[in-house]
Amino acid sequence: MLNYPDFRAYEHAFLMMAQVSGRAGRKGKRGLVILQTKQKEVPVIGQVVRNDYTSLYKELIAERQAFHYPPYYHLVYVFLRHRQESTVNTAAIEMGSRLRQWFGGRVLGPDKPSIAKVKSQNIRKLVLKFENGIDMQKVREYLLLAQSQMLADKRYSSLQVNYDVDPL
């Protein structure tokens, strides 16, 4: 859980370990929780042991602000899917380039997601980070314009483009 490639990995790990340990000792009996890890130096492990959610919160919120993650920024994931790996690679690079013309350094990727192939469809992912207060309607217009430009190219006629706005 600690090594999952998601900015919320420590939060999820803390919640899961705290929930599991909270189930020990019910019905008036004192329980025993044993936490086994190879990464005892990771701060979240100590925070779980001490049930120090305040410290976890302070660390995570500072990190999210510094690296432009929610709640300070909006995230938009752009997923491109195609049967041919070479086609989806080229399309993702081209889509990223188009989006950078409008959004500059707010565009990260493309990259292979942790699950890069589903039902013979190869997947690539772009991540866009937008500061709070940006006109998300305008962002939507530019995303749809880039998508229509891509799909107008016959090389990408069977390309699928999906969006996940403020993913959970």
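This briefing walks through the fold, the surface, the cores and one arginine of the chain above. The model is predicted, so local features need pLDDT of at least 70 and side-chain atom pairs count only at pLDDT 80 or more, while totals for chains, interfaces and linings use all residues. Residues are numbered from 1 along each chain as its sequence is written, and side-chain values use heavy atoms, with hydrogens and water left out.

**Overall fold**

- The chain holds 5 helices and 5 strands; helices (H or I, at least four residues) and strands (E, at least two) are DSSP runs, numbered from the N terminus.
- The chain is more spread out than a compact globule, because its radius of gyration is 21 Å, well over the 15 Å that the globule rule gives for 168 residues.
- That radius is taken over C-alpha atoms, and the globule rule is 2.2 Å times the number of residues to the power 0.38.
- Along the principal axes, the C-alpha atoms fill a box of roughly 65 × 40 × 30 Å.

**Surface and charge**

- Buried residues make up 32% of the 168 residues, where buried means under 20% relative accessible area (1.4 Å probe, protein chains only).
- There are 26 positive and 15 negative side chains; Lys and Arg count as positive and Asp and Glu as negative, without His and the chain ends.

**Nonpolar cores**

- A nonpolar core is a set of buried Ala, Val, Leu, Ile, Met, Phe, Trp, Tyr and Cys residues joined through side-chain atoms within 4.5 Å.
- The largest one has 20 residues, and Val 78, Leu 80, Met 95, Leu 99 and Leu 128 have the most contacts inside it.
- Strand 1 (73-82), helix 4 (85-103), strand 4 (121-131) and helix 5 (136-152) each give this core two or more residues, and helix 4 gives the most, with 6.
- Apart from this core lies another, of 10 residues, among them Val 42, Val 44, Ile 45 and Leu 56.
- Beyond its neighbours within four places in sequence, Leu 99 is in contact with residues including Leu 126, Leu 128 and Leu 143; contact means heavy atoms within 4.5 Å.

**A buried arginine**

- Arg 8 sits in the segment before helix 1 (9-22).
- Arg 8 counts as buried because its relative accessibility is 9%.
- Not counting residues up to four places away in sequence, Arg 8 touches Arg 64, Tyr 77, Pro 167 and Leu 168.

Methods. Buried < 20%, exposed > 50% of the residue type's maximum accessible area, 1.4 Å probe, protein only. Charge placed at Lys NZ, Arg CZ, Asp CG, Glu CD.
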